[in-house]
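User: I'd like to learn how to read a few features off a model like this one. Could you take me through them one by one?

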Amino acid sequence: LEVNRVATLIIRVTELGGADNIDDSLYPLLGYHVGSVSSDHIPAVVGLQNLAPSKDNLKAFGAAFATVSSAPMFHIVGVTPEATDLGKVISQEPGVRTVKVGLRELASSWDELNSTSKGQPVGLISLGNPHFSFAEVRKLAQLCQGRKKDDSVAVIITCGRSVYHLTKQAGLVDELEKFGCQFMTDTCWCMITQDTILRTTDAIMTNSGKYAHYGPGLTGRPFYFGSLAGCLDVACQGGHGGIKPH
């Protein structure tokens with residue numbers, strides 16, 4: 001019913017600049033923050049239309065949004081199908097609240113998702129919560145080219161079996177396994193708690209806002225959150241993560 005789909009909260013995102021100024025960590029981070037301020041209100045997010053987020057960006061936004069919000073959906077003006085403009089999705093009732101989200105607010109949510117003390121070494125890079133898509137596996141393979149994984153860091157990717165078979169056929173699985181990545185299919189990081197799988201007592205780093213939120217409670221380990229490229233840098237160099245973007 002259309003009445004159940006109207007937004008009752010406006011989120012105005014500011015200070016981001018153009019697409020060249022951001023990386024893929026923006027979308028789970030923003031989804032997490034928008035979910036935190038939305039509560040049970042359906043939000044209409046304004047300010048992302050020029051960034052042209054991909055389906056994987058929206059997937060990451062939605063997963064992080066749903067960890068902290070009980071709203072059934074969200075709109076992003078100029079991006080999601082019904083929100084061709086704000087007037088098409090916003091409630092016509094008086095008193096619709098507007099919340100501005102800038103770099104200071106996003107930095108606060110970044111700190112929440114990076115729950116570890118600074119400098120704690122990373123033992124595991126956890127990718128694929130939600131499951132990795134074919135495009136994400138391909139992007140990771142591109143980032144891995146010509147690089148070598150540090151022996152002290154494990155990299156584990158979860159994806160659906162259909163994606164795994166497609167990436168296997170494309171030669172990407174063999175390429176990533178040669179780099180040192182491991183694949184797990186048809187399970188979710190939120191279901192993986194055994195030490196035999198995690199194989200580390202060090203911090204875990206992930207590009208998933210959802211897992212950065214749930215992971216500390218599920219595993220008893222501290223977490224770093226960052227972009228896919230940031231995760232790979234730590235996988236190659238060892239050390240700690242969680243370096244805040246400029």
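User: Let's start with strand pairing: which residue of β8 is the bridge partner of Leu124?

Analyst: Two strands pair if DSSP finds at least two bridges between them, and strands (E, at least two residues) and helices (H or I, at least four) are DSSP runs numbered from the N terminus. Here the bridge partner of Leu124 in β8 is Ile204. Strand β5 (residues 122-132) and strand β8 (residues 203-206) pair in the parallel sense, over four bridges. Before we go on: this is a predicted model, where local features need pLDDT of at least 70 and side-chain atom pairs count only at pLDDT 80 or more, while totals for chains, interfaces and linings use all residues. Residues are numbered from 1 along each chain as its sequence is written, and side-chain values use heavy atoms, with hydrogens and water left out.

User: What is the order of the strands in the open sheet?

Analyst: The order is β7-β6-β5-β8-β9, five strands with parallel pairing. At the edges sit β7 (181-185) and β9, each pairing on one side only. On average, neighbouring strands of this sheet are turned by 25 degrees against each other, direction ignored.

User: Which strands does helix α9 lie across?

Analyst: For angles, axes are lines fitted to C-alpha atoms, for helices over the stretch in contact, and the angle runs from 0 to 180 degrees between N-to-C directions. Contact means heavy atoms within 4.5 Å. Helix α9 (residues 209-219) lies across β5, β8 and β9, at about 180 degrees to β9. Helix α7 (residues 172-179) lies across β6 (154-159) and β7, and runs at about 130 degrees to β7.

User: And helix against helix: at what angle do α6 and α7 cross?

Analyst: Angles under 35 degrees count as roughly parallel, over 145 as roughly antiparallel, 65 to 115 as roughly perpendicular and the rest as oblique. The axes of α6 (residues 161-169) and α7 come within 5 Å and cross at roughly 85 degrees, so these two helices are roughly perpendicular. Tyr164, Thr167 and Lys168 of α6 make the contact with Leu172, Val173, Asp174 and Glu177 of α7.

User: Now the rings. How many aromatic pairs are there?

Analyst: Rings of Phe, Tyr and Trp (its six-membered ring) pair if their centres lie within 6.5 Å; planes under 30 degrees apart count as stacked, over 60 as edge-to-face and the rest as tilted. That rule gives seven aromatic pairs. One of them is tilted: Phe61 and Phe74, 4.7 Å centre to centre with 55 degrees between the planes. Phe61 lies in helix α2 (residues 55-68) and Phe74 in the loop between α2 and β3, so the pair ties together parts 13 residues apart in sequence.

User: Are Phe61 and Phe74 buried or exposed?

Analyst: Buried means under 20% relative accessible area, exposed over 50%, and partly exposed in between (1.4 Å probe, protein chains only). Phe61 and Phe74 are both buried. Next, take Trp110 and Phe225: their ring centres are 5.2 Å apart and their planes at 70 degrees, so that pair is edge-to-face. Trp110 is in helix α4 (residues 103-113) and Phe225 in strand β9 (residues 223-225), 115 residues apart. Both Trp110 and Phe225 are buried.

User: Last one: how many disulfides does the structure hold?

Analyst: A disulfide is a covalent bond between the sulfur atoms of two cysteines. The test is a pair of cysteine sulfur atoms within 2.5 Å, and the structure holds zero. Cys188 is in none, with the nearest cysteine sulfur, that of Cys190, 4.2 Å away. For Cys236, the closest cysteine sulfur is in Cys144 at 6.4 Å, too far for a bond. Cys188 is partly exposed at 22% relative accessibility, whereas Cys236 is buried at 16%.
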